[in-house]
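Please have the structure open.

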Amino acid sequence: MSTLVSIEPLPEKIQSPTPSSALNTPSLKLDPQFFTGNPLERSLDVLQKFDGSAAPGASTEVSLIVVSGRSICVRNSENDATNPNIDQDLQALLLGVNDPQLDLNSEFISFIWQRDQVPGEAAEHGHASGSSSVRVSESCPEADYLAGQRLPLYLLGRDQEQRWTFAVDISSCRQGFLSFLKTSCGLDVKMGDLRMLMPTLSREACAIAGQAVALAQWHDAHQYCPRCGGPTVPVETGLRRRCTLDVAHKLYPRTDPVVIMLVESPDGNRALLGRSKKFTSGMYTCLSGFIDQCESVEEAVRREVREEARVQVDQVHILGTQPWPIGRYGTCELMLGCFAKAKSYEIMVNTDEMEDVQWYDRSELLAAVQLYEQNKEETMQSLQQRSMESLGFWIPPPVAVAHHLIRQWVLHGEPFFPSGNTLPKL
C-alpha cells in the first residue's frame, strides 16, 4: 500500500541558512561514533596469547564485565540516567588469574559462581575510562545462592593494565547474581539496558560494553548448529562456537551491514527523512536498511530509498560507519553512513514499511540540531519534547550515526552534490 506525496522544487536562488557560530564547521567525514574507540587490545595475535595462566610479566588478575542479554552491570547513579552529562561507570569484577572460581584452562572457560565470595578493597585503577572495578576474594559469610553454577566467559581483549578482560553472561541467574553483588559484595549496582545507558557512559566504556553485549547475544542466539541442528558449545575462549555432533561445523560471530543515508533533494536544499511505525512518536530520521547478499553499498542505498519512498537516487557517497551492537532482534549491526543524491522530488510512501517520509528544509534541520547542541544540560526526553513543540518533530540524539549525518549535511551549508560535479562511482 502506498501514499502519494508531491512537492515542488525550491527556487534555485534560495539562500541556505548560515550555520550557527555555536556549531563547528564540519569536515566531510563523520566524527568518532559511540561504540568506537575500544581501548582493549583485541587483535587475534594478542588473543591467541591467552593460555589460562599468569605469564611472566603479565597481570595476575582478570577483569569480568557482567552482561545479561542487552543489559550491562553499572554502578547506580542518584541522578536521572537520561541526562547526557551524568557519567556512569561500568562495574568490573577483578579476580586472581588462578582463583579457584575461574576455570580458564578448559575448552569451555567459565566463572564458577559459589557462595564463598566477598569483595576485597576497591582497585586503585579502573578497568578503563568510565569504568570501576572491585576485587573478589575467596572467604565469605553464609549466602543462600546456588553454589558451583558455571557462567560462560567470553574473552574480549587485554586492558591497559595488561589484564585479560572477559564478558561473564549471567542470563541464567540474573536476579540471583545481582542480589549476590548487592548483598554479599556490598556493591551499589544495577543491570541497565545499554541503549538507555549510552548517553551516560564514556565512549571507551560504551565500546567495551557494546563488545560484551554483542558477543554474549551472538552466543545466546546460536545454541544450535544451523547445518545439522546439533547443540553447539563455545570454544577458543568464546571467539567461536562448535557443533557437538560434527566438529567440522564451526560458527563465527557475525555483524550485519546496514546502510543509513541522508538523501539530498535534486536542488540540494532539502533532506529526505522518514519514520517507521515502530519509532517513538515524533522522531524522523535517515532512511536505512540491511544490505542484501551480493549487493554493494551503493546498490543497497538506491534500492532501500526506492522501496521505502519511491524516490530515485543517483550518486552515493560513504561518509563513515558506526558499530551498533544493540540492533534489531539481538544482532550486531554495522551502520554505513552515506549521503545520496535524489533525481526526483515525488514521494510515494510504502506504508508496509514506513509511516511517513518527508522532505525537510535545511533551516528546519539546523534548528533540530541546535536544540541538542545549545541545551546540553537538559535530558533527552526534555529536548525531544521541546523539539516537538517548536518544530513538530525531533531527530535522533548524538549517540546515533543518523544525527551526525543530518548535522554534517546542515553545517555544510550548501548542496553536498554540486551541479556538474559528479563524484566518481565505483
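At what angle do helix H6 and helix H7 pack, and how far apart are their axes? This is a predicted model, where local features need pLDDT of at least 70, side-chain atom pairs count only at pLDDT 80 or more, and totals for chains, interfaces and linings use all residues. Residues are numbered from 1 along each chain as its sequence is written, and side-chain values use heavy atoms, without hydrogens or water.

H6 covers residues 362-373 and H7 covers residues 380-391. They pack at about 155°, with axes 10 Å apart. (Axes are lines fitted to C-alpha atoms over the stretch in contact; angles run from 0 to 180 degrees between N-to-C directions.) H6 and H7 are therefore roughly antiparallel, a label for angles over 145 degrees. Their crossing is right-handed, meaning the near helix is turned clockwise from the far one by less than a right angle.

Which residues of H6 and H7 make the contact (heavy atoms within 4.5 Å)? H6 brings Glu364, Ala367, Ala368, Leu371 and Tyr372. H7 brings Met380, Leu383, Gln384, Arg386, Ser387, Ser390 and Leu391. By class, seven are nonpolar, three polar and two charged.

Now look at H6 itself. Its buried residues (under 20% relative accessible area, 1.4 Å probe, protein chains only) are Arg362, Leu365, Leu366, Ala368, Val369, Gln370, Leu371 and Tyr372. Their cover includes strand S16 (270-275), strand S21 (356-361), H7 and helix H8 (401-412).

Step back to the protein chain. It holds eight helices and 21 strands, which are DSSP runs: H or I of at least four residues for helices, E of at least two for strands. Of its 426 residues, 53% are buried.

Conventions
Parallel < 35°, antiparallel > 145°, perpendicular 65-115°, else oblique. Contact = heavy atoms within 4.5 Å. Nonpolar A, V, L, I, M, F, W, Y, C, P; charged D, E, K, R; others polar. Buried < 20%, exposed > 50% of the residue type's maximum accessible area, 1.4 Å probe, protein only.
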